Structures are given as structure tokens and as C-alpha cells.
Amino acid sequence: MAVFRLFFSNRTSDNERVEELQAQLRDRLPNMPFENLARYVPDSPDWKDHAASHIKSCDGLICVVGPSSWESEPIDWEIRQAHQLKKPLLVTRLSDDYGLPPACRDLSLDVCD
């Protein structure tokens with residue numbers, strides 16, 4: 001069975017909630033095994049080089065927007081990279097009270113709340 005290579009874009013402060021969402025996804029879609037490529041991106045000055053490589057090789061990007069994600073330059077950059085590479089892209093918010101990264105407006109992306 002093929003493993004889907006997904007890139008989960010989120011703030012580090014939202015990791016616990018994103019891991020819960022990943023567990024729910026695995027439970028609900030057991031025939032769709034996936035790997036989170038974002039976990040291989042180091043916290044280093046050259047993180048964009050690593051992230052770009054993983055986004056290029058991923059099957060899709062899932063952006064999980066938390067309380068301060070709308071102001072995160074890295075998240076905005078990751079969304080734009082995925083869009084430029086024509087990767088399947090899903091943006092969802094942990095609460096509809098949270099703002100969205102500028103890329104969502106600029107690229108006219110739908111948001112799944």
C-alpha cells in the first residue's frame with residue numbers, strides 16, 4: 001500500500017492539536033496511510049531549503065491554522081510554495097475565530113473550517 005507524503009504546515013505551538021488531528025485522520029481513513037514530511041524540516045537558518053525540498057516531493061500540503069498562524073511568515077511561505085508547485089492544498093482552522101495567512105487571500109484559496 002502506498003504511503004501518502006503529506007506536509008503539515010503549522011506553528012510549533014499547535015503541534016499537540018495537529019498530532020490529534022493526524023490521529024483522527026489515521027482512524028477515519030485507515031486505507032490512506034501517510035507520513036508528515038514537515039517533521040524532517042530542521043529548526044535552522046536554512047530551513048527553507050529543506051522545506052522546499054519536502055514540499056516539492058510531497059503529495060499535498062495541509063495547513064492547520066491556530067491562534068497566531070495568520071502572522072507566521074514561514075506558514076505563508078509554505079502555502080505559497082505548495083501553490084506555486086501546484087500541489088493539492090488544504091487550509092483549515094482550529095477555530096473560525098482565527099485569522100488567515102495573507103496567502104489565502106492573495107491566492108484566493110478556499111478554507112475548510
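A word on the ground rules. This is a predicted model, in which local features need pLDDT of at least 70 and side-chain atom pairs count only at pLDDT 80 or more, while totals for chains, interfaces and linings use all residues. Residues are numbered from 1 along each chain as its sequence is written, and side-chain values use heavy atoms, with hydrogens and water left out.

Let's start with the strands. Two strands pair if DSSP finds at least two bridges between them. Strand 1 pairs with strand 2 in the parallel sense over 3 bridges, and there Leu-6 stands opposite Asn-36 of strand 2. Strand 1 also pairs with strand 3, again in the parallel sense, over 4 bridges; here Phe-7 has Leu-61 of strand 3 as its bridge partner. Strand 3 in turn pairs with strand 4 in the parallel sense, over 5 bridges, with Cys-63 opposite Val-91 in strand 4.

How does the chain get from strand 3 to strand 4? It crosses through helix 3, in a right-handed β-α-β crossover. Right-handed here means that, with the strands pointing away from the viewer, the path from the first strand over the helix to the second runs clockwise. Strand 1, helix 1 and strand 2 make a right-handed β-α-β unit too.

Now for the aromatic rings. A pair of rings is described by the distance of the centres and the angle of the planes. Rings of Phe, Tyr and Trp (for Trp, its six-membered ring) pair if their centres lie within 6.5 Å; planes under 30 degrees apart count as stacked, over 60 as edge-to-face, and the rest as tilted. The structure holds 2 such pairs. One is Phe-8 with Phe-34, a tilted pair at 5.8 Å centre to centre with 40 degrees between the planes. Phe-8 sits in strand 1 and Phe-34 in strand 2, so this pair links parts of the chain that are 26 residues apart. Both Phe-8 and Phe-34 are buried, where buried means under 20% relative accessible area, exposed means over 50%, and partly exposed lies in between (1.4 Å probe, protein chains only).

Why is the pair of Trp-47 and Trp-77 called edge-to-face? Because its planes stand at 80 degrees, with the ring centres 5.3 Å apart. Trp-47 belongs to helix 2 and Trp-77 to helix 3, so the pair ties together parts that are 30 residues apart in sequence. Trp-47 and Trp-77 are both buried.

While we are in helix 2, have a look at Ile-55, which is found there. Ile-55 counts as buried, at 0% relative accessibility. Its C-alpha atom is separated by 7.3 Å from that of Gln-81, 26 residues apart along the chain.

Next, two backbone details. Most residues other than glycine have a negative phi. Lys-86, in the loop between helix 3 and strand 4, has a positive phi near 60 degrees. Lys-86 is exposed, with a relative accessible area of 73%. Ser-108, in the segment after helix 4, also has a positive phi, near 55 degrees, and is exposed at 64%.

Last stop, the pockets. On a 1 Å grid over the protein atoms alone, a pocket is an open set of points where a 1.4 Å probe fits, with protein on both sides within 12 Å along at least five of seven lines, and lining residues have an atom within 4 Å of a point. Grid points are joined across faces, edges and corners, and a volume is the space filled by probe spheres set on the points.

The largest pocket has a volume of about 560 Å³. Of its 22 lining residues, the closest to the centre are Asn-10, Thr-12, Ala-38, Val-41 and Glu-78. Helix 1 gives the largest share of this lining, 4 residues. The lining divides into 9 nonpolar, 8 polar and 5 charged residues; Ala, Val, Leu, Ile, Met, Phe, Trp, Tyr, Cys and Pro count as nonpolar, Asp, Glu, Lys and Arg as charged, and the others, Gly among them, as polar.

The second largest pocket has a volume of about 340 Å³. Leu-21, Leu-25, Ile-62, Leu-90 and Thr-92 are the closest to its centre among 17 lining residues. Helix 1 gives the most to this lining as well, with 7 residues. The lining divides into 10 nonpolar, 3 polar and 4 charged residues.

Key: Helix = DSSP H or I, 4+ residues; strand = E, 2+ residues; numbered from the N terminus.
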